[in-house]
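Please find below a colleague's note on the model under review.

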Amino acid sequence: MKKGYIVLIVIAVVVLSIFFWFKGAYNGMVNMREAVSAQWSNVENQYQRRLDLIPNLVNTVKGYASHEENTLTEVFNARAKATQMQLNIDQLDEATLKKLSNVQGELSSALSRLMAISENYPDLKANQNFLDLQAQLEGTENRIAVERRKFNDVARSYNAFILQFPRNLVAGMFGFTSKPYFEANAGAE
């Protein structure tokens, strides 16, 4: 009779140990996936901040450099493309992230050309509204870089966590997949 209880207790301990390990692994993956999702929202938030600054910046430049219509149109077109590209974390794969990076890169390039225009217009360079918008845009570009780096860090931790054995078995059973990383645009090196 005592042997039966001991065997039953050992089986119960083993089953409970396996259960708690699965529970811990699953909950850890959920927490890390949510951290990746939250960081992705931070990246999107900074992109949106930049998009919101652009109309004011373009209108300020337009007042001083109205004959630079081609550059202004490029900025608005790049902004429109960036605005149309809406992603959620579940759609995020390498191809989609690359497409997003390309669209955002086009916008950054157009904004750089817009800022270069100011060199030709001393009155524009002295305009306080332009200077404020330029400073906000530079700050936002820095914030975007920081949030992208943080996203890469969180995604790297998550990917390493779900790909390690034996958690990779649990990840596969419950549909946890790797997240892509932001990479530098061509020519950034």
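The points below concern a helix pair and a pocket in this predicted model.

1. Helix α2 covers residues 69–84, and its axis lies 9 Å from that of α3, at an angle of about 155°. Angles over 145 degrees count as roughly antiparallel, and α2 and α3 are therefore roughly antiparallel to each other. The crossing of the two helices is left-handed.

2. The residues that form this contact are as follows. Helix α2 contributes Thr 71, Leu 72, Glu 74, Val 75, Ala 78, Arg 79, Lys 81 and Ala 82. From α3 come Val 103, Gln 104, Glu 106, Leu 107, Ala 110, Leu 111, Arg 113, Leu 114 and Ile 117. Sorted by class, the contact between α2 and α3 comprises ten nonpolar, five charged and two polar residues.

3. The next matter is the second largest pocket, which holds about 160 Å³ of space. Twelve residues line this pocket, and those nearest its centre are Arg 50, Ser 108, Glu 141, Ile 144 and Arg 148. Two or more lining residues are given by each of α1 (2–64), α3 (94–117) and α5 (128–163).

4. Which element supplies the largest share of the lining of the second largest pocket? That share comes from α5, with five residues. By class, the lining of the second largest pocket consists of six polar, three nonpolar and three charged residues.

5. Helix α3 links the two topics of this note: α3 packs with α2, and α3 is also among the elements that give two or more residues to the lining of the second largest pocket.

Key
Residues are numbered from 1 along each chain as its sequence is written. This is a predicted model: local features need pLDDT of at least 70, side-chain atom pairs count only at pLDDT 80 or more; totals for chains, interfaces and linings use all residues. Side-chain values use heavy atoms; hydrogens and water are left out. On a 1 Å grid over the protein atoms alone, a cavity is a set of points where a 1.4 Å probe fits but cannot get out, and a pocket is an open set with protein on both sides within 12 Å along at least five of seven lines; lining residues have an atom within 4 Å of a point. Grid points are joined across faces, edges and corners, and a volume is the space filled by probe spheres set on the points. Helices (H or I, at least four residues) and strands (E, at least two) are DSSP runs, numbered from the N terminus. Ala, Val, Leu, Ile, Met, Phe, Trp, Tyr, Cys and Pro count as nonpolar, Asp, Glu, Lys and Arg as charged, and the others, Gly among them, as polar. Axes are lines fitted to C-alpha atoms, for helices over the stretch in contact, and angles run from 0 to 180 degrees between N-to-C directions. Angles under 35 degrees count as roughly parallel, over 145 as roughly antiparallel, 65 to 115 as roughly perpendicular and the rest as oblique. A crossing is left-handed if the near helix is turned anticlockwise from the far one by less than a right angle, and right-handed if clockwise. Contact means heavy atoms within 4.5 Å.
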